[in-house]
Amino acid sequence: MNKKIVHLFPVVSLLFVLTSCASFPPNPALCRYDPAGGYRFDNLKLGADNSDSLFVILAFSGGGTRAASFSYGVLEALRDTEIVWKGKRKRLLDEVDIISSVSGGSFTAAYFALYRDRIFEGAFERDFLKKDIEKALLLRLLSPVSWFKLAGRSYGRSDLAVEYYHSHLFGGLTFRKLIDDGTRPFLMINATDMSTGGQFPFIQDQFDLICSDLADLPVARGVAASSAFPGLLTPLTFKNYAGGCEYQEPRWVGFGVNDRDIAPERANRAEDRRSYYKRQEWEAERRFIHIIDGGVADNLGLRSILSALETSDPAYSIQRRVNRQSIEKLVIIVVNAATDPQSERDLNPSVPSLVNVLTTAATIPLDNYSFDTVSRVAGVVREYDQSVQIRERCRKILEEATGTGLQGGGLYAFDLYLTHVAFDYISDPKERFDFKNLPTSFSLPPETVDSLKDMGRALLRNDGEFKRLLGELR
Amino acid sequence: MQYVEIRFSRTRTVYIDGVESGPTNTILRIGAGTHLFDLGWPADYLPPEVIRRIHGTNELKPIIIEFDEVPL
């Protein structure tokens, strides 16, 4: 026995030396900033059945396998929805231009962006939706090789998850696959920067800020970052190479930092961007960026869309496309798998446990923020609609009263449709209760996955705005 | 949301903060804040660019910015 140990000792020592220094796989550096290259919305062409005039945005929320299955059901419904646009018969799915996702929703979004219709051929359901991912990750965690790797201070449990997703789900593919495909939809996997608290989307416009080349980054790393639920999974680390690629910041950033009195959100966005590459002497250096679950900043994947609707600042600004008059119908489908689990804390007078209190403190603000985000998007959609109507009404009144209309040019009018697919809209109270009490995990029974897919499809098809859209696309 | 109208003697593309953003002589939607406006190339207009703080507008009262055509 002792002899065996003596023989094993060098092997174990070697293994320890080789792996205890395990660190995060560094994100590739960007040699030279090139706004014409990389994974950016403007660098993607329209697909064969995609048009700019019918512009479709999907936002997939977080919520583990529950969210992934729910959004998968919506994709199925879009695949099965035939429309006629500009005299051409096509599937509504082919008109999707942007998918913005968070956490669990990022798995479905990324898989669809990489594999397109092959997502419906069974592998995604088998290898993710209906697979016990938690068990698979746990088995990996229990492997002695993983212990040695995890002994490295810059290698965490999420790095193990990346390895698993990379090899078992995303076929070893990197963002270069999306660049090479070169067509919409534009995938925006959203994570959260722990230091700024802002969104960290996995798009080249964001990676420019840290002079890193997104092209050779595994898609699995983006998805794992987006779903690195605090506590259960660890943050993922990215090296900041800022200063090494001759990055030129967009004009709006320089203006934005001085706009706090009239545009505080713009000022925040500008300061967040500069935090990566333009440090004041009294500020801490940001040599590494630590990224956690996208749900911490926005569990709907909708804030980036909101800012693209409200301003012309983001590279993928939708407002700018509206101004260019290229969009005739704008469709936003928010797939929100938020739950409202029943608690038994009110059954007795006991003081709730620390875990219970901390969980409540962590999740309730996020839920309230999500509610507020949907309300804000609805408000912007309403303003787009009403601004045209108000001008038209005033023009008529003025014409009748004075014989002259409004001075100046017109305001471009287009149609907007905002669809919110959420468990809140399940009409049957008991069924609604059941769905809103589903757990957030990466392991759900196959029949629950099927129910979620069915519910995603049904809720989309029954949505009033969606019906209105389809009525105009037949 | 804020509103601006960039006036010129004919239809040209308006650049906002250096990015192609819509035609002249229509009302453009824009986020609140400081913005730089110009008409790109050819530079047959004056002033060459306008920097303006945009806030407090509405769909009935956009900020008007005028460029005059000048021979090259």
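A salt bridge here is a side-chain nitrogen of Lys or Arg within 4 Å of a carboxyl oxygen of Asp or Glu. By that criterion Asp450(A) and Lys130(A) form a salt bridge in this predicted model, their closest N and O atoms being 2.8 Å apart. The pair links distant parts of the chain, with Asp450(A) in helix H17 (residues 446-462) of chain A and Lys130(A) in the loop between helix H4 (123-129) and H5 of chain A, 320 residues apart. Both partners are partly exposed, Asp450(A) at 28% relative accessibility and Lys130(A) with a relative accessible area of 29%.

Over all chains, 51 salt bridges are found in the whole structure. One of them joins Arg53(B) to Asp261(A), with the closest N and O atoms 2.4 Å apart. This pair crosses between chains, from strand S7 (residues 50-54) of chain B, which holds Arg53(B), to the loop between helix H11 (251-256) and helix H12 (264-277) of chain A, which holds Asp261(A). Arg53(B) is partly exposed at 35% relative accessibility, whereas Asp261(A) is exposed, at 58%. Both residues belong to a network of salt bridges whose members also include Asp259(A), Arg266(A), Arg269(A), Asp313(A) and Asp17(B). Within chain B, the side chains of Arg10(B) and Glu69(B) meet in a salt bridge, 2.9 Å from N to O. Arg10(B) lies in the loop between strand S1 (2-7) and strand S2 (13-16) of chain B and Glu69(B) in strand S9 (residues 68-69) of chain B, so this contact ties together parts that are 59 residues apart in sequence.

From the charged pairs we turn to the strands of chain A. Strand S1 (residues 54-60) of chain A is largely enclosed by the rest of the structure, because 7 of its 7 residues are buried. In a regular strand the side chains alternate between the two faces of the sheet. In S1(A) both faces are covered, with Leu54(A), Val56(A), Leu58(A) and Phe60(A) buried on one side and Phe55(A), Ile57(A) and Ala59(A) buried on the other. S1(A) runs parallel to strand S9 (residues 329-336) of chain A, to which 7 bridges join it, and Val56(A) stands opposite Val331(A) in S9(A). S1(A) also pairs in the parallel sense with strand S4 (residues 96-102) of chain A, over 5 bridges, and here Leu58(A) stands opposite Ile99(A).

Elsewhere in chain A the pairing is antiparallel: strand S8 (residues 288-292) is joined by 2 bridges to strand S5 (residues 186-193) and by 4 bridges to strand S7 (residues 236-239). Thr192(A) stands opposite Ile292(A) in S8(A), while Leu236(A) stands opposite Ile291(A).

The rings of Tyr111(A) and Tyr115(A) have their centres 4.5 Å apart and their planes at 40 degrees, so the pair is tilted. Both tyrosines lie in helix H3 (residues 103-115) of chain A, 4 residues apart, about one turn of the helix, and both are buried. They belong to one aromatic cluster that also includes Phe107(A), Phe120(A) and Phe442(A). Arg79(A) lies over the face of Phe120(A), at 4.5 Å from the ring centre.

Methods: Residues are numbered from 1 along each chain as its sequence is written. Chains are lettered from A and ligands numbered from 1 in the order in which they are written. This is a predicted model: local features need pLDDT of at least 70, side-chain atom pairs count only at pLDDT 80 or more; totals for chains, interfaces and linings use all residues. Side-chain values use heavy atoms; hydrogens and water are left out. Rings of Phe, Tyr and Trp (its six-membered ring) pair if their centres lie within 6.5 Å; planes under 30 degrees apart count as stacked, over 60 as edge-to-face and the rest as tilted. Buried means under 20% relative accessible area, exposed over 50%, partly exposed in between (1.4 Å probe, protein chains only). A charge sits over a ring if NZ of Lys or CZ of Arg is within 6 Å of the ring centre and within 35 degrees of the ring normal. Two strands pair if DSSP finds at least two bridges between them.
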